[in-house]
Amino acid sequence: GAAHIDTLLALRDVAALLEEARELEESEKIYAWVCGDLQAHIGFGHPATLESMRKFRTLLFASGRQKEAEDLFRSAFAAAEHQHGPDSIETLAVANDLAAILLAKGSTAEAETLYRSVLRGREGCLGPTDPETLLAMASLARMLQESERSDEAVDLYRCILQRQEEKHGTFHQESLLSSLNLACAMAATSKASEAETRFRRALSDFTALLGAEHCHTRACAIKLARYLRSQGTLDESEALLRQAMGRCMARLGSLHPETLEVAHELGCTLEASGNAREAELLFRRAVLGREEVLGSGHPTTLRSVYRLARLLEAHGKLAQAEPLCVRTCELTEARFGKDHPETIRSFTSLAGILTSRGRLKRAEQLYRELQEVLEAKLGAHHKKTLANLVSLALVVEARENLAEAEPLYRQALTGFEAAFGCEHPETLGVMYQLANLLRVRGNTAEAEALFRRELDGCLAIYGSEHHDTLLSERNLETLRQNGFGTTEEQHHVMTRAILFHSKVIVEEAEEETSS
């Protein structure tokens, strides 16, 4: 019959094939029909229903219709609560998927509340070592990691690893996956040396247990390569990724998502190594492949477009970089909303390109819009909010609105001093900019006092031979002689600061996205 579970699952497979063939409208109709009938006949919490809803959600996400996916799971969550109760296994399963949608949307607080309730419920119903309980704990840890609460994530991953090893032993696939997740979380903390040890041990154990060609082994190699890149070990990172690329090409083909992911990662490593030409080719390959396989609005496609734009910008190809960045901004805003990290990152990059191209009025407008979003989302004293404030001040100064730029610098300096102290590179950078502005405006007494503080800080953290220390000494001496630096020095200061501060948000977001 048409409503039998086997019939509905066969229809779901048809929908998946239509999705692969990019016949999205027909695929969507079938998914909606299948999900509705499965909910009516076997319930919301049944694995077949949940898997069908997840596939439908993926299709909606790929089409940029996150709101519809959210509405689908909110209605399912409300119905499951009414039908089974708030602490039932069925309700908790739907809640876990709803939390994932909210996290992707950027609603971190609501997602955390749901993840914690799912974890409590599953520990109570299923016990602490049940796979579903451990999955809920891993989801919460991942959310904490993405929210820059890596120390909390590390504690959860340690707990998961301990439970997996007690249940399965050390040399088991589930234990190795948990150890790998722990290493990824550690990489964002002060425990970097332990992270590298865990990465290498996991790769060795995966190879011994599953073989070099297994998907878990390849994934571990990619994560180790990414970590090594972050630590500046570029030759080994490149070697691992080239090896992974060869295996993916031979086993999966050139258009498989994993092959395209390796191409993207290898492009990142080659860019860091200074091989811009090959990096650009790899980013373009990743963009074209992901557009064909996943669609132009898919998050991983947008990530490759973004990195290509950043590479072009860094090498002075601003006319090529700008339309790519504009496209990323439009798609991320439509897909995620204005306050999502991906959208913020894209608009920050666009503002930096506009600044470099001398279109300062539009750049200022973007930085002001970003400031409102960041203050509302993260607070006025968050590092990213303060970094954007400095970028805004720099553009306002470049437009010769010195009186308006001064209070922006002062606000940023106060924030950085409160957050990081006086002897921190970013605090000193803002202090230098404010001192330079005061010097230009004729307030030489306060400018000299700030230059002295900035020079003392540079000596403390960099030493006497560092470029910034020498520049500070030269500017302080110039101030003593005639009150003004040379045009060349002032241009260097502005250029250095714009490039540094416009990349603070971008580079942090790149690492978050990669992890």
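Which residues of H6 are buried? In this predicted model, the buried residues of H6 are Ala111, Glu112, Leu114, Tyr115, Val118, Leu119, Gly121 and Arg122.

**Helix H6**
- Helix H6 covers residues 108-126, and its 19 residues should span 27 Å at 1.5 Å a residue, which agrees with the 26 Å that separates its end C-alpha atoms.
- An α-helix has 3.6 residues a turn, so residues three or four places apart point the same way.
- The packing partners of the buried H6 residues are helix H4 (66-84), helix H5 (89-105) and helix H7 (131-146).
- After H6 comes Gly127, which has a positive phi, near 100°.

**Ser237 in helix H12**
- Ser237 lies in helix H12 (residues 234-251), and this serine counts as buried because its relative accessibility is 0%.
- When residues up to four places away in sequence are not counted, Ser237 touches Ala225, Leu228, Arg229 and Thr269.

**Aromatic rings**
- Four aromatic pairs are found in a search of the whole structure, and one of them is the edge-to-face pair of Tyr432 and Phe451, with 5.5 Å centre to centre and 80° between the planes.
- Because Tyr432 belongs to helix H21 (residues 425-440) and Phe451 to helix H22 (residues 444-461), this pair ties together parts that are 19 residues apart in sequence.
- Both Tyr432 and Phe451 are buried.
- Arg345 places its charged end over the ring of Tyr306, at 4.0 Å from the ring centre.

Technical notes
Residues numbered from 1 in each chain as written. Predicted model: local features only at pLDDT ≥ 70, side-chain atom pairs only at ≥ 80, totals over all residues. Heavy atoms only, no water. Phe/Tyr/Trp six-rings, centres within 6.5 Å; stacked < 30°, edge-to-face > 60°. Helix = DSSP H or I, 4+ residues; strand = E, 2+ residues; numbered from the N terminus. Buried < 20%, exposed > 50% of the residue type's maximum accessible area, 1.4 Å probe, protein only. Lys NZ or Arg CZ within 6 Å of the ring centre and 35° of its normal. Contact = heavy atoms within 4.5 Å. Expected span 1.5 Å × (residues − 1).
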